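I set down here, in order, what I looked up in this structure. The entries are brief.

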Amino acid sequence: MTGAVDTLAIRDLTKVFRIRTRGFHHADLKAVDDVTLSIAPGRTLAVVGESGSGKTTLARLILRLLEPTEGTVLLEDTDITAMKGAELEDVRGRMQIVFQDPYDSLSPWQTVGRTVAEPLLLHEDLTMKQASGRVADMLERVGLSPEHARRYPHELSGGQAQRVGIARAMITRPALVVLDEPTSSLDMSVQSQILLLLQSLQEEMDISYLFISHDLSVVRYIAHDLAVMYLGKVVESGPAAEIFASPRHPYTEALLRAAPRPDPAHKTDHVFLVGEQPSALDRAPGCPLYGRCPIAEDVCADTPQELVDIGGRHRVACWKRT
Amino acid sequence: MSALLEVRGLEVGIEGLPILRGVDMEVKPGEILGVVGETGAGKSMTARSVLDLLPAKATVSFASCTFAGQDFIPPKARQEARGHRIGFVPQRPRGSLNPVFRVGNQLSGTLRRLRNMGRREAKDEALGLLRSVRITDPERVYRSFPHELSGGMCQRVCIAIALAGEPELIIADEPTTGLDVTIQAEILRLLGEVISERNAAGMLITHDLGVVADVCDRVAVMYAGRVVNLGTTAEIYREALHPYANRLVSIATSLDSGGTPREVPGRVPNPGDHLAACAFAPRCFRAGPGCFDEEPPRIDRTGQIAFCHHPVNAGEVMR
């Protein structure tokens, strides 16, 4: 796809939260630290990392739900970082989100039809009546029936509620959809239904996904590209298949080794990293993994590690592995 | 080898709704039994029945229930075993610790109550227990409040509390849900180690087939209040007899290898839903007419037990 414009391109994105520590003292917490990523049309970029790695903050920055401290966000080559007011409202129709908890993200007082129609009322100035045909189509497209439009969220199962969340996100035919752990609160059998649905919608509508997850087996299935985050930093990124086959960064390696696999012959490896993830406030000035890394040397403590391309878009932020 | 814990025909109802509909399960000495299933399958309810920790409005009946040869049907027998002979590791470690007491006091308090220890003796023993769950600085953790500890550390403390009564069986209910993968791996290893060090047995409740494959010797797969398939982990993962168990394993393995998972249509039934004779029949790819009206027979084959009219045949490719 030469010449095709990336659906999303973020450059040097940084978010610093000012945190009150004690009394009048403050500390700066870098939740997202100098992140550069892009997603091509119709592709899925998965962002993985443990809690506190900054993956959700990253998603919120991209959707302009938070203001970045530094850096730019380009949606289809348009800089949306500084947009305001009506201009920003228009762009919001092009980027949508599906949340982790399907019930919490639906208004309990609104019918499913109203919830799914709302983006059309907001972004395309349609009336409920004008929207109803597209709502019915969309509900069928996500595997529900048009009759579900009259139901309320409490009448739905978890899987059905998540289908409603997906219908709401897709109805404006957005270019980018952020999927924030969309299957982690669903049962196993329902989880695979939702993954298959997401994949067929992507093929049909050429949507780009930013897929946030801590579940590596789901990511292995759905992602084209992968970015691994640790304490606000992307430590490794590139084609998903290649990273799963040969992880280079010690943290990626630890994540993959620790993930339990549904194979009794495979035993997970537990003693790769030392201790637990510290607070981002206590991070070493150099590599974020310093202190837990089994291959660290003294220089790692104060030498910041930049992502280096080791070929084929595979980038690693570790001088010992590049 | 006779079972350590044997449960037969366990039925639990809450306000007239059947939650467990005849659960048969046993834990053998020295093994870790995995109990897997989706929401509402009855995994936690089974464990809570054994510990007599069900809500007050629940009705419980067993066809039989024994623990190390002792009749476990009288609620008093189960209450007396709780903490002493059966330890419990909860799902939300921080929520299960009292936020206003230091964890050391909670641990030594448990020891004083369960083992009639004096103050000094209980503290020494508590520090020893913290060390045995691989906490490197037990003195500091002893003095900490739960909110000062990470989720993984809180779960280590909960495991230490579960060990306080020197139990013969440890029941862990989703012990790593909500923990990060690297911490999950450590907690699972720790559980396996403390169980084998003490020659105890374990029952691990989870929805994660990766976790089961990692630590369990045998698996019980539950669906809608029953155990539908039971067998050694190796057998169940190689070729589960019950179509439901077979599909779950197939979904997990295909996702894990990056392949496209087979779809299981429909959803898990809610308590009170009308159920066919085999509760899985409406979603099953092998179901025939008999599945809806006749109780599924017990199939005993290749080290597995399954309740199914049309079990997956040996060598049949379902993946």
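Where in chain B does His242(B) lie? I found His242(B) in the loop between α10 and α11 of chain B; helices here are DSSP runs (H or I, at least four residues), numbered from the N terminus.

I noted that the model is predicted, so that local features need pLDDT of at least 70 and side-chain atom pairs count only at pLDDT 80 or more, while totals for chains, interfaces and linings use all residues. Residues are numbered from 1 along each chain as its sequence is written, and chains are lettered from A and ligands numbered from 1 in the order in which they are written.

**Entry on His242(B).** I asked why His242(B) counts as buried. His242(B) is classed so because it has 30 C-beta neighbours inside 10 Å; buried requires 20 or more other C-beta atoms within 10 Å of a residue's own, with C-beta atoms placed from the backbone. Leaving out residues up to four places away in sequence, I listed its contacts (C-beta atoms within 7 Å) as Val221(B), Val228(B), Asn229(B), Ala306(B), Cys308(B) and Pro311(B).

**Entry on the interface.** I counted 34 residues of chain B in contact with 31 residues of chain A. On the chain B side, α8 (181-197), α9 (209-215), α10 (233-239) and α11 (243-256) each supply at least two residues, and α11(B) gives the most, with seven.

**Entry on α3(A).** In this helix (residues 112-123), I found buried residues including Val112(A), Val116(A) and Leu120(A). The buried residues of α3(A) pack against α4 (128-141) and α5 (158-170) of chain A. Just after α3(A), Asp125(A) takes a positive phi of about 50°.

Notes. Two residues are in contact if their C-beta atoms, placed from the backbone, lie within 7 Å. A residue is buried if 20 or more other C-beta atoms lie within 10 Å of its own, exposed if 12 or fewer, and partly exposed in between; C-beta atoms are placed from the backbone.
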